[in-house]
Amino acid sequence: MTHVAVIDIGKTNAKLALVDGATLSEIAVVTRPNLSLPGPPWPHVDLEGHWEFFLTHLAAFQAAHGVDAISVTTHGAAAVLLDGQGGLAAPMLDYEHDGPEGMPDYDALRPAFAVTGSPRLPLGLNLGAQLHWLMAQPGVADRVAHVVTYPQYWGWRLTGALASDVTSLGCHTDLWDPWQGRFSPLVAALGLAGRIAPARRSDAVLGGLTAAVAAATGIPAGTPVAVGIHDSNASLMPYLRGRQGAFSVVSTGTWVVAMAMGGGDAALDPARDVLVNVNAMGRPVPSARFMGGREFELVRAGCDAVPSMDDRRAVLTAGAMILPSVQPGSGPFPDRATGWTAPPATDGQRMAALSWYLALMTQTCLDLIAADGPAIIEGPFARNPDFLDMLAALRPGGVEVAASATGTSVGAALLCLPDAQPPATRSHAAPGHTQALRAYAEAWQARTARPECQL
């Protein structure tokens, strides 16, 4: 198998990538914004717009390069409700809609954290809360024949086969018991027993491309389509092969998700957005996260300044810090409001402090899950030297950087490439100003250890 087309949908952008199976490099990439449609009846995902985009570019990839298999990865907290005729039973809810928060009886239904590894999250970030809210909307419960997690919705469009996958079900949904590898009692409590599509491993073959999709794209009918995977677990996937000892993977994008493999024993604290993910092999993975990509965009406000060494020295001297949380409601400090300890004098200083803030939040997440060994950074923050410098100053096991620009696409492609070698990483050495960074980190950690981040 040479070329794997990957549908890769994050919260901010939808992407189609073509991955070369020999080099694990992206031959071609196209993107479109993942914009929520306002409704009626509620804010929902533009599924048909995405579908037309994917068909158009699958045809172009086939014509230019050939497509030998298709895989799918998407953000979590997402599912699609189907009726018995192959249509939507309801528009796909945007998980940032606040409707599910207005259902106070949900807390009485959801299993305890000890059963699911799912913390109680705001908005629709618990998929179970979304389903509870949707099933209460007029007529929806009567129309629902099938519930499919988001990667498998696209697999269903491509193959006509129904499934869910263990990584999407195990992603703070309240619907899955990660230790027993089965649905939680919430599924029956919501009246969805037998309606959530069967759970399968991400690397199984869901089915072959339908004749209709083949006609639209030129890709041969029967071309294999993988079951698919949750995007953070797609970032972890490349390192499940051949790695010995403890390590962690930090997937960066709209969300920064830290996942620990083989680390120490951690008393997981659901109040700090610590959870149990399920990896592509179906095994539980201690994880912690915050909305780092969103925070980066909010603070930089369009600024592209590159910090100079003078900017860095000024920030370290003044102790100019961002305190959490820029995006409240999730992450390790969900109930705290952000602020600066001292205002930065230049855009370069602001960008340096922002990068260090994001690294310190990441380090907090790694500590919360008792991560050990090297931390492998993937995604946009892997190209941020100040972020990497701060982490390298703080991580005894070292920091490695993923060679691929987008680990999610490569990880999803590997579902179709069982014999491929894991992608390479490169070490990021601790910088010359490590001691100054450690002192800055200790001051930030002392402030955030207080019940309130006092300015």
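Predicted model: local features only at pLDDT ≥ 70, side-chain atom pairs only at ≥ 80, totals over all residues.
Residues are numbered from 1 along each chain as its sequence is written, and side-chain values use heavy atoms, without hydrogens or water. Local features need pLDDT of at least 70 and side-chain atom pairs count only at pLDDT 80 or more, while totals for chains, interfaces and linings use all residues.

**Stop 1: α12 and α13**

Select helix α12 (residues 309–318) and helix α13 (residues 347–368); helices here are DSSP runs of H or I with at least four residues, strands are runs of E with at least two, and both are numbered from the N terminus. The axes of α12 and α13 come within 8 Å and cross at roughly 65 degrees. Axes are lines fitted to C-alpha atoms, for helices over the stretch in contact, with angles from 0 to 180 degrees between N-to-C directions. The two helices are therefore roughly perpendicular (65 to 115 degrees). Now show the side chains in contact (heavy atoms within 4.5 Å): α12 brings Asp311, Arg312, Ala314, Val315 and Leu316, and α13 brings Gly348, Gln349, Ala352, Ala353 and Trp356. By class, these are 6 nonpolar, 2 polar and 2 charged residues.

**Stop 2: α13 and α16**

On the α13 side, pick Ala353, Trp356, Tyr357, Leu360, Met361, Gln363 and Thr364; they meet Leu437, Tyr440, Ala441, Trp444 and Gln445 of α16. This contact has 9 nonpolar, 3 polar and no charged residues.

**Stop 3: the largest pocket**

Next, centre the view on Thr252, Gly253, Thr254, Gly379 and Pro380, the closest to the pocket's centre of the 50 residues that line it. The largest pocket holds about 1100 Å³ of space. Helix α13 turns up again here, among the elements that each supply at least two lining residues. The largest share, 4 residues, comes from α11, which spans 292–300. Colour the lining by class and you will find 17 nonpolar, 20 polar and 13 charged residues.

**Stop 4**

Finally, select Lys11, Asn34, Val45, His75 and Asp94, the closest to the centre of the largest cavity among its 13 lining residues. About 80 Å³ of space lies inside. The lining of this cavity has 7 nonpolar, 4 polar and 2 charged residues.

**Terms for the stops**

- On a 1 Å grid over the protein atoms alone, a cavity is a set of points where a 1.4 Å probe fits but cannot get out; a pocket is an open set with protein on both sides within 12 Å along at least five of seven lines; lining residues have an atom within 4 Å of a point.
- Grid points are joined across faces, edges and corners, and a volume is the space filled by probe spheres set on the points.
- Ala, Val, Leu, Ile, Met, Phe, Trp, Tyr, Cys and Pro count as nonpolar, Asp, Glu, Lys and Arg as charged, and the others, Gly among them, as polar.

Note on methods: Parallel < 35°, antiparallel > 145°, perpendicular 65-115°, else oblique.
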